Amino acid sequence: MIARILRTELRRSSALAAGGLVVVLGVAGLYSMAMTDQTDIWDTEWTVLAVFQRIMLAVLWPLALGAGAWQARRDRRTRMEELLSTTPRPAWRRVLPTSAAMAICLTIGYVALLAAGAIRVAGNTDYRPAGWIPIALVGALSLIAAGWLGMGIGRLVPSTYTPPVLAVAGFLVLLVPVQVGKDGPISNISLLAPLFSGPSDEFTTVAGAVNAGQAVWFAGLALGGLALLMVARRRWMAVAAVPVVAGLLIAVPLLDSAPEGGFQADLVAASEVCTADSGPVVCVTKVHEDGLSALTGPARRALTLLAKLPDAPTSVHEVTGSRPGPQPAAEVWFHSDNYRLGHGWESSGDELVVRVLAGAGTRPCPDQNGDVDYRTRAIVSAWLYGQYPAPGPKATGEEAAARDAAWQALRALPADEQLRRVTAVRQEGLACASTGSGAR
Amino acid sequence: MARVVDPAELAPTRYAWEIEAEGLRVKAGRRLAVDGLDLRLGTGVHGLLGPNGAGKTTLIRALATVLPPAGGKLELLGQSIGGRSNLRALRRKLGYLPQEFGYYPKFTVREFVEYMAWLKEMDGSQIVGAVQRAIDRVGLTDRADDRMKTLSGGMLRRAGIAQAIVNDPDILLLDEPTVGLDPAQRLDFRTLLRNLGERACVLVSTHLVEDVAAVCTHVVLMEEGRMVFRGTPDDLVAAGGTGDLGDSPIERGYSALLARHRGVTR
């Protein structure tokens, strides 16, 4: 019978509207990015989508909170309390179908939103990591916690104002870590909020300790909300604090143990996938595997051109900025920022050869001020390629004039001095520790 | 799943009256709205009459276990009410239509009655059939799958009666059930009440004296929290004379009894 009652609640309670709102607002949020052609903030890769969906909880979470409070007011709103008070079934049993319906609808809403984003992601990448699943599961759990907590608070304070006040207050509370985070690094305690303060890229994922900590915390919050809803007498409502505090006590050390911000490098995504034929080895990261065939030809041509250097490299490796140096002399390192998920390499053919040759096959290396000498990298690339300007994007204005002058100066030197200078640029690049980001 | 039979169900009836009150006092807010009421009601249809403010609704709410007695004795189906008594078993045998009948507007009639049947802890395998029977009995068969919010006032009242009778209650409390019913519906309702009164104790609060005359086996007249009169409708008619206010014999009896009581107390 309870299945029949649950079916009724699924169709008739405000849970359906709450789940629907999650989908409608969420999908609108995702696809409004398409108007300015910015969907690549979420549609490039599965983990990126899962994390972006979590950021959208800034709006969806308070919404679920308010919807829960609205649902909890149903008996008062419809003047059903008197009739219900004469029925034998205990209150905690009565709220089961209602709270289950809320949880089911919010979860379906969250999954449907994920599916709406997945349509684009699936078309953009063949990389299928599993790391996004816990991120999405914790997101759905946090939404259930919001719904149940809202219902619990709605029962505690059954005022008309509770749902809107709760929704607005929830939104403001969630904005605090985001605002504080803009001014500098903040404590991982902020990860008690369901959202992350910044988007991830394809080489980062949420640390396992953060997923675990958040899962425990939101489970505690959900149980606390449920307890508020279920206890028969108001004076027993304090027991609702038990799961919440327990969740908090377990979650905080877990969150604290994670890297700052909660993200860590995704070692699987950054692992190498290499050519298996008899030619020189060309490797890309696992997450950019789709780009291997497009890179292989230009990379091998670049190796041929680099052969004029002493101690010339024999293989090409796409690496992330966080890969620790020094770079082995036998390798060309090609920065991952040259690849855009869903689009491929920033250029192709000759232009891609020139990109691999930049800095004589090294990553851009920032100096103490964080600046990268792109001019020298470009001049070296043109020298190795044997053509100035080399194919690819051209510098403009003052930078163009400066590059022309640098090119003339290099060419004016004796041939062995030119070779020595280019080799020196490569040596400097090899020594680079790690770079952060920045292409070319 | 086999139903667990409560031993209480098999035990012979151990009470003389379904509803028994002695010196019952019930508060409505701070006011003592029922003040020293003695009442014994058995199987049959009992009409509860009285002017506004006489304490009819407060009495019914106490009988429905909404309000705890503030004093005196109250026994329902032989179980004493008040203090920390466990009302769960008793409530399974109650049916109640509040004066201000709340309902979930988005539910269909069937869903609503089903929900109430579930809350009354009816045997799950019986609910679907019992719901259909209750809806049929109040004449809402063709509206069973319409939302509650689409019903007219009279239909809502009937849906309220359907939820009250779905569990075949031993005590059925109806607070102004005929409000909003048209004359034809009221005739149907009287037939329904007669049937219900054959095996249950039905207490109907109403202002419509003719309803009482037509179907009630007994009449209880309340004034200022006390019982003024208890008897058959014929006794009520007999109490009135040609000089009393009213357009029908029973109305004249009603006015006469109230006037007599007021004369005594003032």
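Predicted model: local features only at pLDDT ≥ 70, side-chain atom pairs only at ≥ 80, totals over all residues.
Q: Which residue stands opposite B:Glu20 in E4(B)?
A: That is B:Glu75. Residues are numbered from 1 along each chain as its sequence is written, and chains are lettered from A and ligands numbered from 1 in the order in which they are written.

Q: What makes strand E1 (19–28) and strand E4 (71–76) of chain B a pair?
A: Two strands pair if DSSP finds at least two bridges between them. Here 5 bridges join E1(B) to E4(B), and the strands run antiparallel, so the pair qualifies.

Q: Why is one side of E2 (31–41) and of E5 (79–80) in chain B left without a neighbour in the sheet?
A: The open sheet has 4 strands in the order E2-E1-E4-E5 of chain B, with antiparallel pairing. E2(B) and E5(B) stand at its edges with a single partner strand each, so one side of each has no neighbour in the sheet.

Q: How do you know which strands are the edge strands in the chain A sheet?
A: The order there is E3-E4-E5-E6 of chain A, an open sheet of 4 strands with mixed pairing. E3(A) (272–274) and E6(A) (331–335) pair on one side only, which marks them as the edges. Further in, 2 bridges join the parallel strands E4(A) and E5(A), with A:Val282 opposite A:Val316.

Q: What makes a group of residues the largest nonpolar core here?
A: A nonpolar core is a set of buried Ala, Val, Leu, Ile, Met, Phe, Trp, Tyr and Cys residues joined through C-beta atoms within 7 Å. The largest such set has 87 residues, and B:Phe112, B:Val113 and B:Ala162 touch the most other members. H4(B) gives the most to this core, with 8 residues. Another core lies apart from it, with 77 residues, including A:Val48 and A:Leu229.

Q: How do you know what kinds of residues make up the side of chain B that touches chain A?
A: In all, 25 residues of chain B are in contact with 17 of chain A. H4(B) gives the most to the chain B side, with 5 residues. Ala, Val, Leu, Ile, Met, Phe, Trp, Tyr, Cys and Pro count as nonpolar, Asp, Glu, Lys and Arg as charged, and the others, Gly among them, as polar. By that rule, the chain B side divides into 13 nonpolar, 3 polar and 9 charged.

Key:
Contact = placed C-beta atoms within 7 Å. Buried ≥ 20, exposed ≤ 12 C-beta atoms within 10 Å, placed from the backbone.
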